[in-house]
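Thanks for asking me to look this one over.

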Amino acid sequence: MTTVLTGITTTGTPHLGNYVGAIKPAIESSKNADVKSYFFLADFHALIKCWEPQRIAESTKQIAATWMALGLDTDTAFFYRQSDIPEIPELTWLLTCMAAKGLMNRSHAYKAQVAENLEQGEDDPDKGITMGLFSYPVLMAADILMFNANEVPVGKDQTQHLEMTRDIGARFNHHFGDHFVMPKTIVDDEVAVLPGLDGRKMSKSYNNTIPLWLPEKKLRKHIMKIKTNSLEPGEPKDPSDSHVFSIYRAFATQEQTAAMRQAYADGIAWGEAKQQLFELINDELKEPRERYEGLIQQPDVIEQTLLKGADRAREFATPFLAQLKQAVGIKPIA
Ligand code: TRP
């Protein structure tokens with residue numbers, strides 16, 4: 001049995017890039033009988049970069065409804081909110097006491113902020129940097145080590161955090177006995193990275209996303225806005241230089257991709273290529289979209305699902321944390 005675990009920070013609205021690059025492959029992998037899946041909403045992580053309560057609450061609801069609408073089996077996978085597992089912040093402290101400050105100093109996220117301060121001529125290199133940002137990797141280590149995850153699928157930008165997780169976990173094991181499994185980082189280069197409306201990577205920080213759950217008409221409108229060049233209908237077009245094609249391919253079967261490649265060579269009009277892209281995406285999302293909208297109307301169903309997920313996850317976390325505390329000398333006197 002392999003334990004696969006990943007977290008989603010609850011600061012945004014799910015978009016097509018999240019769907020293709022993370023959610024869809026994760027749900028697929030969770031159907032494998034040899035895999036035990038832990039997927040959670042990293043709402044404590046959200047506080048590090050977002051101080052808008054409304055946004056965090058909305059995002060949590062939307063992301064939870066998204067995974068449920070897309071068919072995650074929440075009776076087999078462990079699907080929960082980080083903040084519903086009090087063992088995670090407790091473990092964070094045990095790990096904080098094992099985390100070298102020098103290791104945290106080297107964190108990319110922290111260093112990037114310091115570099116920006118210096119660039120702007122600030123006297124204080126730590127201006128605007130909270131302890132949350134600084135010790136973010138320790139909280140992430142607790143998420144992962146709490147459930148002895150073997151594999152952690154993440155984006156490339158997270159690989160350093162996984163190295164830190166192993167470093168901190170190994171130090172704990174060295175001092176207190178072999179408690180933690182060393183997790184492997186899984187960065188899947190096969191998974192499509194979608195371009196956004198402007199052609200850069202689709203990301204909420206670039207404000208170029210296509211939200212996953214737009215109503216049909218709006219979805220079509222967004223797709224029509226994807227940047228193209230000015231080649232006319234009838235002129236052959238280069239698929240390797242087309243955002244419309246890159247997105248099409250991420251949703252299409254091999255046959256459909258080959259047919260679209262041919263259509264490009266034959267000079268398909270941009271409007272027509274975009275229409276076909278719209279139909280392809282819409283067909284795939286139509287049914288889940290209905291389920292999503294139904295769930296958003298029934299927030300109590302989402303809430304109960306998350307609470308049940310947390311209960312199930314704590315069946316492991318509670319005794320495991322007791323064991324860890326015992327190992328460091330925090331235990332009943334008699
Ligand atoms: N830091 C991750 C991100 O920004 C989210 C995250 C939090 C996570 N805890 C995790 C991912 C544990 C994997 C495992 O994408």
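Predicted model: local features only at pLDDT ≥ 70, side-chain atom pairs only at ≥ 80, totals over all residues.

1. Let's start with the overall layout. Where the domains meet, domain 1 supplies 10 residues to the contact and domain 2 supplies 9 residues.

2. Next comes the largest nonpolar core, which has 51 residues. Leu16, Trp67, Ile210, Phe251 and Ile281 are the members that touch the most others. Two or more residues come from each of helix 1 (16–30), strand 2 (35–42), helix 3 (53–69), helix 9 (216–224), helix 10 (243–251), helix 11 (254–265), helix 12 (270–296) and helix 13 (299–328). Helix 12 is the top contributor to this core, with 9 residues. Both domains take part, since at least three residues are drawn from each of domain 1 and domain 2.

3. Which residues does Ile210 touch, leaving aside those up to four places away in sequence? They are His15, Leu16, Leu197, Met202, Leu219, His222, Ile223 and Ile226. One of these, Leu16, is also among the core members that touch the most others.

4. There is also a second, separate core, made up of 45 residues. Among its members are Tyr38, Val114, Val138 and Met146.

5. Now for the second largest pocket, whose volume is about 300 Å³. It has 17 lining residues, and Thr92, Thr96, Met131, Ser135 and Tyr136 are the ones nearest its centre. The elements giving two or more residues to the lining are helix 2 (43–49), helix 4 (87–96), helix 5 (101–105) and helix 7 (131–145). Helix 7 provides the largest share, 7 residues. Sorted by class, the lining has 12 nonpolar, 4 polar and 1 charged residues.

6. Two asparagines deserve a look at their backbone. Asn148, although not a glycine, has a positive phi of about 50°. Asn148 sits in the loop between helix 7 and strand 4 (151–153). Asn207 also has a positive phi, near 55°, and is likewise a residue other than glycine. Asn207 belongs to the loop between strand 5 (184–186) and helix 9.

7. Are these two asparagines, Asn148 and Asn207, buried or exposed? Asn148 is buried because its relative accessible area is 17%, under the 20% cut-off. Asn207 is exposed because its relative accessible area is 71%, over the 50% cut-off.

8. Asn32 and Ala313 are 281 residues apart in sequence, and their C-alpha atoms are 19 Å apart in space.

9. Finally, Ala259 is part of helix 11. With 49% relative accessibility, Ala259 is classed as partly exposed, because the exposed class begins over 50%. Ala259 and Pro14 are 245 residues apart along the chain, with 29 Å between their C-alpha atoms.

Key
Residues numbered from 1 in each chain as written. Heavy atoms only, no water. 1 Å grid on protein atoms, 1.4 Å probe; cavity = no way out; pocket = protein on both sides within 12 Å on 5 of 7 lines; lining within 4 Å. Points joined across faces, edges and corners; volume = space filled by probe spheres on them. Helix = DSSP H or I, 4+ residues; strand = E, 2+ residues; numbered from the N terminus. Nonpolar A, V, L, I, M, F, W, Y, C, P; charged D, E, K, R; others polar. Core = buried A, V, L, I, M, F, W, Y, C linked by side-chain atoms within 4.5 Å. Buried < 20%, exposed > 50% of the residue type's maximum accessible area, 1.4 Å probe, protein only. Domains from an automatic or database assignment. Contact = heavy atoms within 4.5 Å.
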